[in-house]
Amino acid sequence: MKRPPMMLQRIAQQEKITKTGGNAVLSVSQLVSYFEAWLKKPNNYPRIARAYVLYCLDHNFGIDSVSLSLYAAGKKGNVVSPARKFLKFYIQQGQPRIVADAPASSKVSPAANELILGYLADATHLRGDQSRENYTKALNAFFEYIQAETEAGRPASFSTLTVGQYIHFLRGKSLSAFTINFYLSVIKQLTLWVIKNRNRLNLSAEQLEDLHEIGSIRGLRIERGFYKESLSENELAELLISIEDPTDRTIVALLGIEGLRTVEVCRLLIGDVDLARGQLWVLGKGKHTKKAVKLFEACAESLCRYMTGVNAPGNTPLFPDLKTAQIRYRVDKYLKASGLKRPKVSAHSLRHTVGQLLIEKGVEPIHVQRHLRHELFETTQFYIKKQTEKEYLKKMPD
């Protein structure tokens with residue numbers, strides 16, 4: 001007789017989430033609790049230890065003597081001493097990996113939070129706080145659904161059947177197809193992580209089989225109306241030629257040739273432009289670190305002309321005092337002057353233009369994803385689907 005579907009709690013309770021090599025992955029609260037139990041007289045030591053650990057996480061520092069010296073700078077001895085004591089304890093425990101506490105949710109069990117923390121600790125593709133918050137929110141929502149269904153006396157588990165029912169439940173809440181597909185994508189990624197860690201989680205062959213089937217659940221169809229409008233290659237060239245002002249021409253080139261977001265253009269520094277290597281260092285939306293983007297020749301020429309005679313430190317803004325609203329206004333002005341302004345064409349459409357043109361030119365989707373810095377491949381797939389539809393319509397008889 002087939003065993004019932006695997007419950008989330010059963011997975012997490014079978015074994016503490018650990019990293020390969022035996023080093024534990026602990027939340028901030030777990031680590032501080034262990035430190036408090038280790039102390040003979042806790043006093044205010046746990047509170048100071050928590051502040052020090054949060055300082056390290058916020059600054060992406062390791063918990064070590066270097067970060068301690070930075071944290072302790074200018075502080076009194078009654079703060080430095082507890083932090084030093086905590087560092088000693090932390091080293092004795094083998095320096096486990098530390099992750100932030102999951103957002104509090106009374107509807108998600110501690111075991112669910114344990115599983116979420118374990119997955120997020122390995123999710124290296126989530127580099128921004130906003131991305132981690134979105135993923136945590138999506139996972140919490142799924143397990144809250146399981147909890148609510150169980151409390152109502154209806155069978156629910158981390159299984160293919162329940163995930164399918166959950167998608168139907170989300171549709172009933174009138175969420176957009178994009179939002180529902182995002183939630184499904186996050187669940188699928190968690191599923192892959194669980195499968196990868198099947199040995200430590202002691203999964204049976206039946207449980208594995210059911211989890212594998214989650215990957216076959218299809219997302220909702222995105223209607224053509226969802227796609228953002230984009231310019232053709234000729235229209236983009238026409239737009240760029242029409243702009244005589246070197247500053248505005250460079251801004252539009254960064255949007256329509258490199259595919260930068262308006263906020264990313266505003267964040268650019270002079271030192272982010274590496275003409276010699278043909279690279280542009282971009283600080284993405286919700287990110288803390290910059291990524292290198294290939295600098296295409298046409299955009300490099302505009303940047304070179306714009307920066308001629310510029311003699312300023314590398315940390316100087318490339319476009320001083322530039323705001324996103326100003327970019328949108330300028331782009332709309334040039335679109336109207338060129339006769340290219342349409343209801344769904346805006347400054348952000350230039351980013352979509354880059355993605356669409358790269359796909360049309362046969363660039364591998366994975367390279368398009370990296371260039372545009374999409375966190376989810378599903379986002380890049382929108383351009384593929386649009387291109388497929390265009391090719392299909394070309395073959396249709398008039």
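**Salt bridges and their setting**

Reply: Buried residues make up 45% of the 398 residues in the chain. The model is a predicted one. Its chain has 19 helices and five strands. Of the contacts between residues at least 6 apart in sequence, 64% join residues at least 24 apart. The chain exposes about 21,800 Å², and carbon and sulfur atoms supply 53% of that area.

Now to the salt bridges. Side chains of opposite charge can pair when their charged atoms come close. The count here comes to 10 salt bridges.

R261 forms a salt bridge with E264, and the closest N and O atoms of the two are 2.6 Å apart. Are these two residues buried or exposed? The cut-off for buried is under 20% relative accessible area. R261 has a relative accessible area of 15%, so R261 is buried. E264 has a relative accessibility of 0%, and therefore E264 also counts as buried.

K341 forms a salt bridge with D332, with the closest N and O atoms 3.0 Å apart. Partly exposed covers the range between the buried cut-off, under 20%, and the exposed one, over 50%. K341 is partly exposed because its relative accessible area is 32%. D332, at 22% relative accessibility, therefore counts as partly exposed as well.

R277 has a relative accessible area of 67%, so R277 is exposed.

Three strands form an open sheet in the order 3-4-5, with antiparallel pairing. The edge strands are strand 3 (273-274) and strand 5 (290-294), each of which pairs on one side only. Strand 4 (residues 279-283) is joined to strand 5 by five bridges, and the two run antiparallel. Within that pairing, W281 has A292 in strand 5 as its bridge partner.

To sum up the burial: R261 is buried and so is E264, K341 is partly exposed as is D332, and R277 is exposed.

Note on methods:
Residues are numbered from 1 along each chain as its sequence is written. This is a predicted model: local features need pLDDT of at least 70, side-chain atom pairs count only at pLDDT 80 or more; totals for chains, interfaces and linings use all residues. Side-chain values use heavy atoms; hydrogens and water are left out. Helices (H or I, at least four residues) and strands (E, at least two) are DSSP runs, numbered from the N terminus. Buried means under 20% relative accessible area, exposed over 50%, partly exposed in between (1.4 Å probe, protein chains only). Contact means heavy atoms within 4.5 Å. Accessible areas come from the Shrake-Rupley method with a 1.4 Å probe; for residues, only the protein chains shown count as cover. A salt bridge is a side-chain nitrogen of Lys or Arg within 4 Å of a carboxyl oxygen of Asp or Glu. Two strands pair if DSSP finds at least two bridges between them.
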